[in-house]
Amino acid sequence: MQVTHVFHSGFFVETAQADFLFDWWKGTLPARTGHRKPFYVFVSHSHGDHYNPDIFGLDADAWLLSWDIKPLIDERFPDLKDSRRLFFLRPHQSLMSDAFASSEASQASILQNALGMSQGSLAPSTLFSVYTLASNDRGVAFVVRTPEGSLYHAGDLNNWWWDGDADDQRLAHFYHDELSRIKGTHFAAAMIPYDLRLKEPGYGIRDFLRYCSTDAIYPMHENADLASAKHVFANDPLMKGVQNVYF
């Protein structure tokens with residue numbers, strides 16, 4: 001599995017079986033390598049720094065989109081609204097993909113409803129599965145399970161600790177409730193906000209690690225140049241001891 005941080009909260013993830021693009025807003029996408037693999041585009045919500053309409057010009061097999069993006073598509077891309085390759089996800093929904101769907105017709109309908117998120121191994125015929133969490137800002141967060149390991153992309157689900165007022169505490173409680181839904185899950189990679197505008201940008205990562213474990217953390221949504229984000233992170237007492245972090 002190879003994870004490339006494209007820009008802000010945008011990531012390209014390449015596995016042996018499929019490629020995944022999350023929340024691409026801008027930035028140069030890596031060249032896709034190897035044989036023609038299925039390619040899936042995820043968008044966690046409709047904010048302009050997560051959703052770019054240019055995704056519909058990509059050669060994707062399917063687009064997995066937060067439900068709040070649907071009105072934007074219906075208005076701007078009326079020809080797409082009935083496409084069988086668009087999937088609009090609400091919080092706490094599950095989908096899975098059949099690895100044996102190879103023709104264009106079957107690729108357009110490979111995703112099907114699944115009951116909950118199994119913690120066991122994927123069935124041999126499953127290319128990947130998706131489970132959504134609710135965001136305490138807008139849209140959803142994604143939990144994607146693949147044969148090479150699970151991925152977490154938070155979108156704008158985070159502990160948004162601006163100044164510690166009652167609203168911040170409410171958002172923190174919401175965040176913890178959502179994380180409790182995936183408690184005990186181990187991820188190959190977790191993409192989590194580390195927003196330098198916040199009084200405590202590390203609370204989101206700290207809390208995530210209290211509920212889940214991961215081989216690699218990819219801070220995102222930094223709202224600054226990467227050099228600044230790396231410097232703040234390196235001197236953040238909350239992040240002391242947090243390992244395998246990749247900007």
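The accessible surface of the chain comes to about 11,200 Å² (Shrake-Rupley method, 1.4 Å probe), and carbon and sulfur atoms account for 50% of this area. The model is predicted: local features need pLDDT of at least 70 and side-chain atom pairs count only at pLDDT 80 or more, while totals for chains, interfaces and linings use all residues. Residues are numbered from 1 along each chain as its sequence is written, and side-chain values use heavy atoms, with hydrogens and water left out.

**Overall architecture**

- The chain has 5 helices and 15 strands, taken as DSSP runs (helices: H or I, at least four residues; strands: E, at least two) and numbered from the N terminus.
- Of the 247 residues in the chain, 52% are buried, a term that stands for under 20% relative accessible area, with exposed being over 50% and partly exposed in between (1.4 Å probe, protein chains only).
- Of the contacts (heavy atoms within 4.5 Å) in the chain between residues at least 6 apart in sequence, 57% join residues at least 24 apart.

**Helix α3**

- Helix α3 comprises 15 residues (166–180) and should span 21 Å at 1.5 Å a residue, the expected span being 1.5 Å times one less than the number of residues; its end C-alpha atoms are 21 Å apart, which agrees.
- The buried residues of α3 include D168, L171, A172, Y175, E178 and L179.
- These residues cover an arc of only 125° around the axis, and therefore lie on the same side of α3; the arc is that of the directions from the helix axis to the C-beta atoms.
- An α-helix has 3.6 residues a turn, so residues three or four places apart point the same way.
- A166 and H173, on the other side of α3, are exposed.
- Packing partners of the buried residues of α3 are β9 (126–134), β11 (149–153), β13 (189–193) and α4 (203–211).
- At the start of α3, the backbone nitrogen of D167 has a side-chain oxygen of D165 within 3.2 Å.

**Aromatic pairs**

- The count comes to 21 aromatic pairs, for which ring centres of Phe, Tyr and Trp (its six-membered ring) must lie within 6.5 Å; planes under 30 degrees apart count as stacked, over 60 as edge-to-face and the rest as tilted.
- F42 and F128 form an edge-to-face pair, at 6.3 Å centre to centre and 65° between the planes.
- This pair links distant parts of the chain, with F42 in strand β4 (residues 39–43) and F128 in strand β9, 86 residues apart.
- F42 is buried, at a relative accessible area of 0%, and F128 is buried, with a value of 0%.
- Ring pairs join F20, F22, Y40, F42, F128 and F142 into a cluster.

How values were computed. Polar contact = N/O pair within 3.5 Å; in protein donor to acceptor, adjacent residues only side chain to side chain.
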